[in-house]
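User: I'm new to this one. Could you take me through a single part of it up close, in plain words?

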Amino acid sequence: MSAMAATLSRFGYPSCKPNAPASNGVLINLSSWRRRSTMAAAGGRRETKHEAAAAAEEEWRSYLSPERLEVLTQLEPWVEEHVLPLLKPVEASWQPSDLLPDPAALGDDGFHDACVELRRRAAGVPDELMVCLVGNMVTEEALPSYPSGLNRLEAVRDATGVDGTAWARWIRGWSAEENRHGDVLNRYVHLSGRYDVREVERTVQRLIRSGMAVPAPASPFHVFVYVAFQERATAVAHGNTARLVGARGAGDAALARILATVAADEKRHEEAYTRVVGKLLEADPDAAVRAVEYMMRRGIDMPSALMADGRHDDFYARYVAIAQQAGTFTVSDYCSIMEHLIRRWGVEELAAGLSGEGRRARDYLCALPHKIRRMEERAQDRAAKAGKKPTAIPVSWIFDRPISVVLP
């Protein structure tokens, strides 16, 4: 497990050093073409970190030119036809009260009995899965950071809060659907009786205060790549957790149903952002494939990468180790998502309209999943030879009960 955590941390999902610059990680080391080009630009010497950061910022800021932003503006009718229909009408949408005991519907005795049954089933879920559940919940509860990020994007943002553009209506509708995810998971956490709820609530507040950092934060090309990957990763994490806690796992069918319902939403949202990036690859293949490469080279961090418990500087690294040991998200999941998106976007087939940089970006992307898997195998071999012993990690969310994991 520690080998997997070490490999994922190097590729940015989840990051053991929140939002660390990728120039310190393996992604840059794998990049021979980027290294050659930057060394040539610097007269044959290796770029300093400052120079590399300045070059990276200059690269993504080039996507804020009027010509690039016009691509997004011209997609407005397409968004209306192909993206907005992926939102469900409110009247047809599930609500948290559909999935949890409702005192108004059940009456006092019925509500009490339903809560006792919910707690009985929750008692059988292992601590490590309950910790993963809270990590997923905290991520969902940090929703205020996400639409604010999209509303920083030129050409697509909801400038007034009530804009009638298709892009603006998508941002608001997506946010409204996402809002139910944190609500339903939070209510389950309260009703289950398994958590120190005050500590969980503090974690949510800390994360929203800390915010989130995304490479190229103002470029729609780059941010849509990030969200497409993140939505699929969230669906995978919820789906894996549902399988592990459900009838064939820990036996909590009610929790499994909640998580599967949330995962289904995430899949619809993933489809929306995947379509958007696919359309950008049609409209401006060279710019779009270089944006995909830019983001994958730096790794896709969880939006909860700044999650903290107020006591341990390495809290997120601890959470990552627990999540991977539990099987809710693994290196294999990360690679599978990357492979899926590369295949879905037809990256390997891209040819027309690509510059030399675009072709190198395409080739880098197609080779990247294999490189990550090879690194995982090597890391597992090193970990096996090192013979590291598990460390007992106390987790405040579960009253400091310890979970034994092998830390990277």
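Analyst: His340 sits in helix α17. Helices here are DSSP runs of H or I with at least four residues, strands are E runs of at least two, and both are numbered from the N terminus. Before going on, a word on the source: this is a predicted model, where local features need pLDDT of at least 70 and side-chain atom pairs count only at pLDDT 80 or more, while totals for chains, interfaces and linings use all residues. Residues are numbered from 1 along each chain as its sequence is written, and side-chain values use heavy atoms, with hydrogens and water left out.

Is His340 buried or exposed? His340 has a relative accessibility of 17%, so it counts as buried (buried is under 20% relative accessible area, exposed over 50%, partly exposed in between, with a 1.4 Å probe and protein chains only). Leaving aside residues up to four places away in sequence, His340 touches Arg232 and Glu270, where contact means heavy atoms within 4.5 Å. With Arg232 there is also a side-chain to side-chain polar contact of 3.4 Å. That term stands for a pair of N or O atoms within 3.5 Å; within protein, one must be able to donate a hydrogen and the other to accept it, and residues adjacent in sequence count only if both atoms are side-chain atoms.

Now for the helix pair. Helix α17 (residues 331-344) packs with helix α13 (residues 220-245) at an angle of about 135 degrees, their axes 10 Å apart. Axes are lines fitted to C-alpha atoms, for helices over the stretch in contact, and angles run from 0 to 180 degrees between N-to-C directions. α13 and α17 are therefore oblique to each other; under 35 degrees would be roughly parallel, over 145 roughly antiparallel, 65 to 115 roughly perpendicular, and the rest is oblique.

Which residues make the contact? From α13 come Phe229, Arg232, Ala233, Val236 and Asn240, and from α17 come Asp333, Tyr334, Ile337, Met338, His340 and Leu341. Sorted by class, the contact of α13 with α17 has seven nonpolar, two polar and two charged residues. Ala, Val, Leu, Ile, Met, Phe, Trp, Tyr, Cys and Pro count as nonpolar, Asp, Glu, Lys and Arg as charged, and the others, Gly among them, as polar.
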